[in-house]
Every structure is written in C-alpha cells, then in structure tokens.
Amino acid sequence: MRDTPTPMDPRGLPHVTPPAIRLFNTMTMQKELLQPAIPGEVGVYVCGPTVYSYIHIGNARTFTSFDVVVRYLRHRGLKVRYVRNFTDVDDKIIKAAAETGEAPVELAARYVEIFREDTRALHLLEPDFSPRVSDHLPEIIAIIQKLVDKGHAYASQGDVYFSVSSDEDYAKLSKRNLDELCVGERVQPGEQKREPLDFALWKAAKPGEPAWESPWGPGRPGWHIECSAMSAKYLGETFDIHGGALDLIFPHHENEIAQSESANGVTFARYWMHCGFLDLEGAKMSKSLGNVVRLRDALTKVDPEALRFFFLATHYRHPLSFSDKALADAETRMEYFYETLRKVDERISGKDFGKGPLHGDPQRFFTEFESAMDDDFNTAGGLGSLSGLFGMMNELTDKPPVKDKALVGRTLHALREDVRRVSSVLGLFEDAPDAWLLRRRERAVRERGIDVAEVERLLGERTAARAAKDFAAADRVRSELKEKGVEIMDTPAGTTWKVAPLQG
RNA sequence: GGCGCCAUAGCCAAGUGGUAAGGCAAAGGUCUGCAAAACCUUCAUUCCCCGGUUCGAAUCCGGGUGGCGCCUCCA
C-alpha cells in the first residue's frame with residue numbers, strides 16, 4: 001500500500017538509484033514498487049505467439065506494450081533479460097497444417113519467420129531469448145516428471161494431468177471460486193482426468209500427430225507446461241515480471257503458477273502484468289466474426305510508428321478501440337513530430353554551439369515523461385509531456401525569444417537529445433525525418449491517385465509566375481492543386497508540397 | 001450465476017483526496033504577396049446519476065444506471 005521510503009545514504013542524501021518504478025501487479029491488484037529479486041537485474045517473460053497464422057493488431061498491441069516496458073526498464077539502467085517464447089507445438093498448428101498439407105513443424109517454422117518480419121516492421125525489439133517448444137522437450141518432460149514424482153500430477157493412458165486439488169493455492173491469480181469453476185467444466189470424451197479441473201501436461205499422440213518419446217509414451221506437451229519449463233531455463237525458478245494479455249490470466253497463467261510452484265516450491269513470477277484488449281470500434285475482434293485485422297494488412301495503410309503511437313496513447317491496461325479516425329489522428333500527430341524534427345535537424349546538425357547555459361527549463365519535459373513512465377508505464381501521460389517539448393523546439397526554431405544563437409542552438413540540441421531518449425523508450429522517431437515524411441507522402445500519393453509528374457509541372461509554372469509577380473496565375477495553380485488534394489508550401493529553402501488531409 | 005474492469009469536453013485520452021494534462025476537430029490572431037507549417041488565444045466552474053465520509057472528492061464509501069472483459073481456444 002505504502003511506498004518504500006527512499007533509501008538514504010550516510011550523508012543523508014537520497015540515493016539516485018534504484019529508480020522508483022511502480023507497476024500494477026495482477027496478483028495483488030495494486031501498484032507496487034518494482035524491487036527486482038537481484039538488484040539491478042530484471043527477468044521478463046512474455047507469452048509469445050502460437051505460430052499457426054499471421055498475428056493481428058491485438059497481438060501487436062500486447063507485444064508493443066511489453067516492448068516499451070522492456071525498453072523503459074533498460075532506459076532506467078536495469079539489466080533486462082527478455083524472453084518471449086514461440087509456441088510451435090500445438091493443436092491449432094496441427095489443424096492448420098492438415099489444411100495446408102504442410103508438416104506441422106514446417107508450418108510453424110514458416111510462421112515464426114512471418115512473425116519476425118511483422119514485429120521488425122513494428123519496430124519491436126528482438127527478445128534476448130525466443131525459445132521454441134520443439135527445442136525444449138527434455139526440459140518439459142523433466143518438469144512433468146518432477147510433478148508426477150511429487151504427487152501433483154498423474155499419468156493416465158498416455159496422458160499426464162496436473163491435479164488441481166493437490167495445489168491449495170490454485171486460482172490465487174484469477175481469484176476464482178473453484179466450486180463455481182467446476183460447474184462450467186466438463187470432462188471431455190476421451191480425456192482421462194480424475195477431476196474436471198485437472199488439465200493436461202502431456203497429451204498422448206493420436207496416429208499421424210507429431211510426437212516425442214516420453215516416460216508416458218509418445219505424445220506432446222500441453223499448452224501451459226512449456227512456459228513453466230522455458231521460463232525456468234532462461235530466467236530461473238523465480239523471476240520478476242511475467243506478462244501477457246488479460247485473457248491469459250485464466251487458465252494459462254494460473255496453470256503456469258500451479259505447475260511451477262508445485263514443482264519448485266518457490267514463488268514463480270513476482271509481478272504479473274496484463275494488458276487490455278483491443279477492439280474494432282466497440283466490436284470484439286474474433287475469428288468467428290471474421291473481422292480479424294492482421295498486423296501486416298494494417299501496416300499497408302498506416303505507418304508503423306503511427307500505429308505504435310496509437311497503441312501508446314492509451315494506457316496499456318485499458319481497452320483500446322481501433323478505428324480509421326484514431327489512426328488518422330495518430331498519423332497527423334506523427335507528422336507534426338517529424339516536421340518539427342526535420343526543421344530542428346536542419347538547424348543544428350553538424351554545428352557546435354559550445355558549452356554554456358540553456359534557455360528556460362528544457363529538461364522539465366523529459367523529467368515529466370519519466371515521472372509518467374515510472375508510474376506503471378503511463379505512456380499516455382508521457383506522450384502528453386512531449387507536447388511541451390516539441391512546442392519549445394518549434395518556438396526556438398521559428399521565432400526564438402532570445403537573440404543569442406548559440407544559446408538557442410545549445411537548447412535545441414539538448415531538446416533533440418531528449419527526443420532521442422524518448423525514441424529509445426517508445427520506439428518512435430527512429431526514422432530520419434526526411435525519409436519518414438517522404439514515405440508518408442508517397443503512400444498518400446498512391447492512395448489518392450495523385451499524378452506526381454503533373455504536380456511538379458504545375459509547381460514549375462507557379463514558380464515562374466511568382467518570379468514574374470503574377471500572383472493571380474500563381475494562385476490559380478494553388479487552387480487547382482488544392483482540388484487535387486495537394487497543398488503547396490513556400491519555405492525559405494524553396495517550394496515543397498504535401499498531400500492535404502482529407503476533409504471530415 | 002461467479003470474478004473483475006470501465007463511465008472525464010463534439011471525438012480520443014491522462015489524472016485516483018487539494019481544486020480538470022495532452023491530442024484531434026472548431027473559432028480568432030501573429031506570420032505570409034496569398035497560403036501551408038509553426039506559434040499564441042478561446043473551447044469541461046466540471047468529471048454518468050443519487051446519497052455519504054472529509055476542511056476539501058473526478059478521485060474514498062454505499063446505492064443506482066449504462067458499457068465491457070474473463071469464467072471454453074482466444075493477445
């Protein structure tokens with residue numbers, strides 16, 4: 001409930017480290033101060049994709065949220081070990097493979113590559129470890145054996161089940177009433193469970209299914225056990241942060257806890273982070289409704305960083321609604337940011353303004369940003385402080401309030417450095433401004449069917465007219481282009497153009 | 001039925017006990033040959049409703065109303 005007081009050193013000065021990062025722990029349903037098991041180091045495990053299809057924008061939101069968590073922890077000086085698994089052995093993969101005629105491993109490997117392309121396009125960091133189930137059968141079998149030996153699991157006709165009644169802490173994460181759970185559960189035909197709540201650790205292979213040898217006969221792991229096995233291998237039996245989307249709380253994460261803590265006798269993950277769902281303007285996105293939006297399709301219409309901005313503009317635990325309007329807003333905002341950066345870079349790049357004081361208090365924006373991020377990774381709040389930062393850059397560039405050019409230059413330089421730090425945390429502004437702006441214009445040109453050659457020709461006519469002071473003719477060109485959706489901009493460096501925003 | 005979340009301006013969205021961030025849209029202004037961009041100003045006496053606690057509540061408590069999620073594979 002209460003924050004740990006800031007530690008004091010013998011001189012009575014507060015320590016600068018560790019940073020006071022607070023995060024909402026699903027286990028306690030409260031924000032807690034992050035105190036890693038090993039000071040200065042954080043182990044993070046995020047449930048990765050089941051590789052049987054393309055990932056959708058909901059997956060993308062989750063992975064972007066944790067991408068920023070990892071980036072921020074690193075920014076704060078913590079040594080992060082980041083693990084995100086691939087579930088490449090699974091019923092859905094077997095089913096998908098049967099439909100395409102591929103071998104399940106082949107199909108899974110193909111979608112691993114597709115996933116990597118998609119996540120790279122979204123500027124997601126590559127985790128330090130991306131373990132696959134198919135590479136960890138020995139570890140998985142070992143932990144199942146341990147559970148059987150300790151009496152927490154039992155074999156039954158080639159299957160192995162976890163005995164939920166053997167774990168008195170079961171459901172502590174999802175806070176469910178076990179009696180209530182029993183009502184909805186049903187023993188499926190062919191399953192050899194003792195009790196309805198028991199879940200499979202190992203599934204005996206049916207003819208033709210991929211199978212690995214085990215003490216219980218040929219088969220494959222159940223869904224939940226892989227995370228228990230692989231997290232322990234890469235992060236240890238106890239580690240700091242385990243993340244995923246809300247729907248994984250039950251049963252997946254609950255079952256991971258049951259498995260790991262029953263097998264190891266120690267606390268599994270110390271902090272549980274879950275991010276909210278994304279919907280389509282209020283409608284649930286689901287395969288049955290056939291309205292799933294693939295990340296890769298979304299990225300043909302929206303800039304990757306604009307999509308990240310859209311995700312990050314809402315708190316990670318809150319629901320988020322995907323819409324054309326919201327995406328357009330995000331792109332408009334990104335264009336503002338990049339226009340500003342282009343101007344600032346033009347002004348300061350390659351110049352040395354010497355050492356000395358700065359104008360005003362330019363550091364305050366980044367301080368605000370960090371305060372917001374310290375408070376449960378409040379990216380939406382942090383993004384708000386960027387308005388002041390970019391506003392000040394524009395002011396200093398376009399109408400500096402002081403004459404001292406070195407002072408202005410130094411201040412701009414400091415602000416630009418803060419943008420770089422924000423960039424490393426949010427994965428925004430990673431492109432060269434000119435390149436980003438040009439790319440956006442090209443996409444708009446394609447979408448609106450604008451004839452670039454004609455635009456350039458008309459622009460030439462207008463430049464000639466302006467040189468001859470024939471402003472009536474110049475304005476005729478301006479309105480003609482405006483009707484085609486092209487906005488002309490006269491700058492000190494010459495005339496450029498952009499695609500005007502659509503009305504309404 | 002069980003567990004949990006949410007309700008802030010036309011729209012999006014922070015803030016969770018000290019007197020309403022930010023963005024989009026809109027209006028006016030500065031700048032400009034005219035524009036665009038940028039900058040400035042305006043835009044919620046008020047945070048779904050009703051009670052309560054408090055010197056003080058959008059923030060806490062109780063009761064409504066309206067959305068939503070999970071409880072089965074689901075990010």
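I started with His315, which sits in the loop between α9 (304-312) and β12 (320-322). A reminder to myself before going on: this is a predicted model.

Is His315 buried or exposed? I looked up its relative accessibility, and at 11% His315 counts as buried, because the cut-off for buried is under 20%. Next I checked what its side chain does. I found a polar contact between the side chains of His315 and Asp376, at 3.4 Å. Leaving out residues up to four places away in sequence, I noted that His315 touches Arg61, Asp376, Phe377, Asn378 and Ala380.

**Next entry: Lys287**

Where is Lys287? I located Lys287 in the loop between β11 (278-280) and α8 (295-301). Its relative accessible area came out at 56%, so I put Lys287 down as exposed; the cut-off for that word is over 50%.

Which residues does Lys287 touch, if I skip those up to four places away in sequence? I wrote down Tyr52 and Val292. With Tyr52 there is also a polar contact, side chain to side chain, of 3.0 Å.

**Next entry: Leu481**

I then went to helix α16 (residues 471-483), where Leu481 is found. At 0% relative accessibility, Leu481 goes into my notes as buried. For its neighbours I again ignored residues up to four places away in sequence, and I got Val455, Leu458, Leu459, Val486 and Ile488 as residues that Leu481 touches.

I also looked up one pair: Leu481 and Val499. They are 18 residues apart in sequence, and from C-alpha to C-alpha I have 9.8 Å in space.

**Last entry: α2 and α3**

To finish, I looked at how two helices pack. Two packed helices are described by the angle between their axes and the distance between the axes, so I wanted both values. Helix α2 covers residues 91-100 and helix α3 covers residues 104-121; I have them packing at an angle of about 100°, with axes 8 Å apart. That makes α2 roughly perpendicular to α3, because angles of 65 to 115 degrees count that way.

Which residues meet there? On the α2 side I listed Ile93, Ile94, Ala96, Ala97 and Thr100, and on the α3 side Pro104, Leu107 and Ala108. Sorted by class, this contact of α2 with α3 has 7 nonpolar residues, 1 polar and no charged ones.

How values were computed:
Residues are numbered from 1 along each chain as its sequence is written. Chains are lettered from A and ligands numbered from 1 in the order in which they are written. This is a predicted model: local features need pLDDT of at least 70, side-chain atom pairs count only at pLDDT 80 or more; totals for chains, interfaces and linings use all residues. Side-chain values use heavy atoms; hydrogens and water are left out. Helices (H or I, at least four residues) and strands (E, at least two) are DSSP runs, numbered from the N terminus. Buried means under 20% relative accessible area, exposed over 50%, partly exposed in between (1.4 Å probe, protein chains only). A polar contact is a pair of N or O atoms within 3.5 Å; within protein, one must be able to donate a hydrogen and the other to accept it, and residues adjacent in sequence count only if both atoms are side-chain atoms. Contact means heavy atoms within 4.5 Å. Axes are lines fitted to C-alpha atoms, for helices over the stretch in contact, and angles run from 0 to 180 degrees between N-to-C directions. Angles under 35 degrees count as roughly parallel, over 145 as roughly antiparallel, 65 to 115 as roughly perpendicular and the rest as oblique. Ala, Val, Leu, Ile, Met, Phe, Trp, Tyr, Cys and Pro count as nonpolar, Asp, Glu, Lys and Arg as charged, and the others, Gly among them, as polar.
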